Amino acid sequence: MLLHDTALIYGRYLRQSLRSRFALLFGVLMPLLYLLFFGPLLTHLPLGGQGSSWQLLVPGLLLQLGLFGAAFAGFSIIIEKGQGVVERMRVTPVSRLALLLGRVLRDATVFVFQAVLLVLAAVAMGLRAPLGGVLIGFAFVALLTLSLGSLSYAVAMKVDTPQAFGPLINAMTMPSMLLSGLMLPMTLAPTWLDVLSHFMPFRYLVDAVRDAYVGSYTTGHMLYGALVALGFAALSVTVGTRVFRTAGA
């Protein structure tokens with residue numbers, strides 16, 4: 001029943017996304033602008049990492065896509081609460097875990113599709129990366145979306161207005177972006193900032209995907225990134241499911 005319920009919720013929200021094709025394309029706009037206007041500035045700069053500047057920038061942009069997109073996914077459930085959709089779901093026998101998984105799996109599908117578009121644009125601009133590394137990057141985007149989407153929906157269930165939700169999410173996403181080295185490797189930062197960034201889980205995901213993009217699949221970065229991504233996903237889904245159950249969603 002869990003699989004059936006999850007597929008039912010997933011299909012419902014995926015159809016909503018497919019009916020809004022403009023939103024699908026618009027979601028990739030910010031990382032694409034960074035790619036077009038920021039990427040060429042790094043072409044001849046020594047960035048202190050393996051591979052080309054594109055192999056350093058594109059992994060960060062992929063995870064930036066998942067970070068900002070999934071973190072703000074909870075806006076939709078605030079709207080649904082106002083329209084009475086959550087109240088109607090409350091009286092159905094659908095699994096509360098399925099209500100969460102259906103939503104976050106839809107989000108993961110959307111953001112991986114957008115990540116494919118971003119990588120294709122990067123290839124046209126000069127990115128060269130092994131296929132295995134590119135696929136690993138998509139897997140990390142999916143896991144990050146699953147994690148942050150679950151937490152975003154959990155937070156949205158606890159607040160009543162978008163005005164309360166937006167600043168709270170901004171307060172979490174901006175430090176995450178700045179301290180995880182999404183745009184530039186943290187090895188370029190002062191020592192104190194580099195040390196501080198190690199307390200940011202997203203840094204390990206960024207380092208892992210950058211290694212994957214240069215074909216290094218057996219490094220410590222890859223191991224730590226995978227463990228952090230899987231552990232964070234498990235924790236986030238657990239927290240999100242508990243909130244959905246106690247909130248009666």
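Analyst: Ser197 is buried, at a relative accessible area of 0%; buried means under 20% relative accessible area, exposed means over 50%, and partly exposed lies in between, with a 1.4 Å probe and protein chains only. The model is a predicted one, in which local features need pLDDT of at least 70 and side-chain atom pairs count only at pLDDT 80 or more, while totals for chains, interfaces and linings use all residues. Residues are numbered from 1 along each chain as its sequence is written, and side-chain values use heavy atoms, without hydrogens and water.

Ser197 belongs to helix α10, residues 191-197. Helices are DSSP runs of H or I with at least four residues, strands are runs of E with at least two, and both are numbered from the N terminus. Apart from neighbours within four places in sequence, Ser197 is in contact with Leu179, Met186 and Arg203, where contact means heavy atoms within 4.5 Å. Val123 is 74 residues from Ser197 along the chain, and the C-alpha atoms of the two are separated by 29 Å.

Arg203, one of the contacts of Ser197, is among the buried residues of α11, which also include Phe202, Leu205 and Asp207. Gly215 follows α11 and has a positive phi, near 85°.

Leu179, another contact of Ser197, brings in helix α9, which spans residues 162-179 and also holds Thr173. Thr173 is buried, with a relative accessible area of 3%. Beyond four places in sequence, Thr173 is in contact with Leu67, Phe68, Ala71 and Phe72.

Elsewhere in the chain, α7 takes part in two helix pairs. The axes of α7 (residues 96-125) and α8 (residues 131-158) come within 8 Å and cross at roughly 140°. Axes are lines fitted to C-alpha atoms, for helices over the stretch in contact, and angles between N-to-C directions run from 0 to 180 degrees. That angle makes α7 oblique to α8; under 35 degrees counts as roughly parallel, over 145 as roughly antiparallel, 65 to 115 as roughly perpendicular, and the rest as oblique.

Helix α1 (residues 2-18) packs with α7 at an angle of about 45°, their axes being 7 Å apart. That makes α1 oblique to α7. Among the residues that make the contact are Ile9, Tyr13 and Leu14 of α1 and Leu101, Leu105 and Val110 of α7. By class, the contact of α1 with α7 has 11 nonpolar, 4 polar and 3 charged residues; Ala, Val, Leu, Ile, Met, Phe, Trp, Tyr, Cys and Pro count as nonpolar, Asp, Glu, Lys and Arg as charged, and the others, Gly among them, as polar.

As for the whole chain, there are 12 helices and 0 strands. The C-alpha trace spans about 60 × 35 × 35 Å along its principal axes. Of the 249 residues, 48% count as buried. Among contacts with a separation of 6 or more, 81% come from residues 24 or more positions apart.
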